[in-house]
Every structure is written in C-alpha cells, then in structure tokens.
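Hi,

Here is the structure I promised to pass on to you.

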Amino acid sequence: MTRPTAIMAYSMTDKMEWTLIFAAEFGRRFGLTLKQAFNYLSRFGGIKFVDEHYDYCHTQSFQSMVSDMAEYCHRKGGALI
C-alpha cells in the first residue's frame, strides 16, 4: 500500500510577499525599479515559474534565484543576464 504524498499548501499572502521581495531583489541586481522588474519577469515567464514552483523557489537564496531566473528569462528571450 502506498502512502499519499504530503502536499504543502502555501497562503496566497506568503507567495505574494515572497514574489514581491524577489522582484525587488531582481530589480536591484539589474538596476530596475520594482515595476520594471515585475514587468520583465512577467513578460519572460519568471512570475509564472515562481507561481508554479513556489515550493522550490522560496527555499533558495534570493541571490541564487535571481541568477537562475535571469538565465531562465534569457532563454525565453529576455536581454538581461
């Protein structure tokens, strides 16, 4: 008999707060305002990635996630790297 896997539930508030802090850190790294960073991340799939993989993303350092996300968005057509 197999045991059901535990599914972690995160509050929308936690996800939104983490995503905003992440966008601010991303912007700081690339000299963007929060709005510019959020728009860039939205345009090149970063926000969607964070939403779908929050359980992984929020366990990583912001520095690591900014680097990884810059590379991810670059592969999707973004110019920042």
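Leaving aside neighbours within four places in sequence, Tyr 54 is in contact with Tyr 10, Asp 14, Lys 15 and Trp 18, where contact means heavy atoms within 4.5 Å. Tyr 54 lies in helix α4. Helices here are DSSP runs of H or I with at least four residues, strands are runs of E with at least two, and both are numbered from the N terminus. The C-alpha atoms of Tyr 54 and Tyr 10 are separated by 8.6 Å, although the two residues are 44 apart along the chain.

Before going further, please note that this is a predicted model: local features need pLDDT of at least 70, side-chain atom pairs count only at pLDDT 80 or more, and totals for chains, interfaces and linings use all residues. Residues are numbered from 1 along each chain as its sequence is written, and side-chain values use heavy atoms, with hydrogens and water left out.

Now the aromatic side chains. Searching the whole structure gives nine aromatic pairs. Rings of Phe, Tyr and Trp (its six-membered ring) pair if their centres lie within 6.5 Å; planes under 30 degrees apart count as stacked, over 60 as edge-to-face and the rest as tilted. Tyr 10 and Tyr 54 make an edge-to-face pair, with 5.0 Å centre to centre and 80° between the planes. This pair links distant parts of the chain, with Tyr 10 in the segment before α1 (12–30) and Tyr 54 in helix α4 (residues 54–57). Tyr 54 is buried, at a relative accessible area of 7%, whereas Tyr 10 is partly exposed at 29%. The cut-offs are under 20% relative accessible area for buried, over 50% for exposed and partly exposed in between (1.4 Å probe, protein chains only).

Phe 26 and Tyr 40 form a stacked pair, 5.7 Å centre to centre with 25° between the planes. That pair also links distant parts of the chain: Phe 26 is in helix α1 and Tyr 40 in helix α2, 14 residues apart. Phe 26 is buried with a relative accessible area of 0%, and Tyr 40 is buried with 12%. Both of these pairs belong to one aromatic cluster, formed by Tyr 10, Trp 18, Phe 22, Phe 26, Phe 30, Tyr 40, Phe 44, Tyr 54 and Phe 62.

Which residues touch the most other members of the largest nonpolar core? Among its 19 residues, they are Trp 18, Phe 22, Phe 26, Leu 41, Met 69 and Cys 73. A nonpolar core is a set of buried Ala, Val, Leu, Ile, Met, Phe, Trp, Tyr and Cys residues joined through side-chain atoms within 4.5 Å. The elements giving two or more residues to this core are α1, α2, α3 (46–52), α4 and α5 (62–75), and α5 gives the most, with six residues. Not counting residues up to four places away in sequence, Leu 41 touches Phe 22, Ala 23, Phe 26, Gly 46, Ile 47, Met 69 and Cys 73.

On to the charged side chains: four salt bridges turn up in a search of the whole structure. The definition is a side-chain nitrogen of Lys or Arg within 4 Å of a carboxyl oxygen of Asp or Glu.

- Arg 28 and Glu 25 meet at 2.5 Å, N to O. These residues are separated by about one helical turn because they are three residues apart in helix α1. Arg 28 is exposed at 59% relative accessibility, while Glu 25 is partly exposed at 28%.
- Glu 52 and Lys 48 meet at 4.0 Å, N to O. They are four residues apart in helix α3, so about one helical turn separates them.
- Arg 75 and Glu 71 have their closest N and O atoms 3.2 Å apart, and both lie in helix α5, four residues apart. Arg 75 is exposed at 58%, and Glu 71 is partly exposed at 42%.

Finally, the chain as a whole. There are five helices and zero strands, and the C-alpha trace spans about 50 × 25 × 20 Å along its principal axes. Buried residues make up 31% of the 81 residues. Of the contacts with a separation of 6 or more, 64% are between residues 24 or more positions apart.

Best wishes
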